[in-house]
Amino acid sequence: MLVANSGDNLRLGRRGAELIRELAESDLHVVGVVGFPRSVAGVQEAIQVLHEAKIPMVGTTGTADRLGYIRDGSIDGEAGYPSPYYFHAGPTNFREAALVARFARRTLLDGVASPSAVIVQDRTPGDQYTGNLADDLVAALGAEHVAVRAPIYYSVDGGGISKAALDACRRRPDVYLYAGRAPEFLDFLRALEGKACGPETVRVIASDDVIKVVADHGDEITSLRRVEVYHAALAGRELWRRSSATPTAFVYGLLRGGHPNASDDNLILTYDAVSVVYQAANRAYRGGALPSKGDVLYELALTSRQAAWNGSSGVIDFVDAERHDPANKVVAIMKVTDAPRHAVPMVRCGLLDMDERPPADKVCAGLPDAPPSEQSGSP
């Protein structure tokens, strides 16, 4: 196993991928790449390089809807179509946004006649995640008949997160949706606690990016008196405690206290992505001869339907013939409480195990995997 570090916020993603490509040209042991944890420009550039080198890739926590799409010169250099070499273990932003919107409307705002929401998002150049998630939330909230107030953008030059919190309070929404990044989240909650946001409880639903903040600062978050916090989750040991599915050996170790301070999303999805590549290479191994990159790609594509992988983040089923989205992938909404690890599942969609019965919660019915315009279909 080779570890390639692409620097802070993966700014050197392209260079890291170029070094891997150069190594793969001379070393037949390089048959796949795992990672791509953030939906940012550096990761998109790395995917482009590795796509051109025909190296199979499995992503972890990068979730932007078009992460994994590669440039097509016929359409002005935009990301034109999904790379056949890119797979990913986590759900898309679109699936996450659909669940967030349904949970907001059908659970938190069930008794509100004409509910409204405000979306707070980062405008850092090169960040595909926050803008894409915000757009998906607008579409999903519209489908749930939730009015979306004018969006709130933040940046250091624009007054920072404290000003964004004040602007959001002035909108007087029924729920605040945080589509920003983790570093600003705690300051956002502190600001909401101190602003004049009305007499009611301030309800916040945050993106999956904040899970590490919750793990590190759960006591401080739960000490806030006026703010009630929820967040989306792509994986988590706590999801298994309330399921009839038998935990994997890795999850069993987590439930017994392993890696107590880890961010579950990053830890579990990375473990699964590595496992999927390992299993593909293992199946392609024949009589002592090294499997080729093409062999691994072929076996990854076969990880679907009856041959889907029961991972520690749930079932990984690359049934989509082009996008390689994992079908019906686990995604959840967690409430931040005083419970151990400060995470209590409120709703979970998707299967943890192929033999598990589908969750009975109606909020999961027909939860989409990708935008309708980007659903390429099954083989």
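A pocket here is an open set of grid points where a 1.4 Å probe fits, with protein on both sides within 12 Å along at least five of seven lines. The views below show a predicted model.

**View 1. The largest pocket and its lining.** The largest pocket has a volume of about 1200 Å³. Its lining consists of 38 residues, and those closest to the pocket centre are M1, L2, G32, V33 and V34. At least two lining residues come from each of helix 1 (13–26), strand 1 (33–35), helix 2 (41–52) and helix 10 (264–284). Helix 10 contributes the most, with seven residues. By class, the lining of the largest pocket holds 25 nonpolar residues, 12 polar ones and one charged residue.

**View 2. The second largest pocket.** The lining of the second largest pocket comprises six nonpolar, eight polar and seven charged residues.

**View 3. The disulfide of C169 and C197.** The sulfur atoms of C169 and C197 lie 1.7 Å apart and form a disulfide. This pair links distant parts of the chain, 28 residues apart: C169 belongs to helix 5 (residues 160–170), and C197 to the loop between helix 6 (185–194) and strand 10 (202–206). C169 counts as buried because its relative accessibility is 1%. C197, at 8% relative accessibility, also counts as buried.

**View 4. The disulfide of C349 and C364.** C349 is joined to C364 by a disulfide with an S to S distance of 2.1 Å. The link of C349 and C364 is left-handed, with -80° about the S-S bond. C349 is in strand 15 (residues 344–349) and C364 in the segment after strand 15, so that the pair, 15 residues apart, links distant parts of the chain. C349 has a relative accessible area of 1% and is buried; C364 is buried too, with 13%.

View 5. E144 sits in the loop between helix 4 (128–143) and strand 7 (147–148). With 13% relative accessibility, E144 counts as buried, because buried means under 20%. Apart from neighbours within four places in sequence, E144 is in contact with A101, R102, R105 and R106.

Note on methods: Residues are numbered from 1 along each chain as its sequence is written. This is a predicted model: local features need pLDDT of at least 70, side-chain atom pairs count only at pLDDT 80 or more; totals for chains, interfaces and linings use all residues. Side-chain values use heavy atoms; hydrogens and water are left out. Helices (H or I, at least four residues) and strands (E, at least two) are DSSP runs, numbered from the N terminus. Buried means under 20% relative accessible area, exposed over 50%, partly exposed in between (1.4 Å probe, protein chains only). Contact means heavy atoms within 4.5 Å. On a 1 Å grid over the protein atoms alone, a cavity is a set of points where a 1.4 Å probe fits but cannot get out, and a pocket is an open set with protein on both sides within 12 Å along at least five of seven lines; lining residues have an atom within 4 Å of a point. Grid points are joined across faces, edges and corners, and a volume is the space filled by probe spheres set on the points. Ala, Val, Leu, Ile, Met, Phe, Trp, Tyr, Cys and Pro count as nonpolar, Asp, Glu, Lys and Arg as charged, and the others, Gly among them, as polar. A disulfide is a pair of cysteine sulfur atoms within 2.5 Å.
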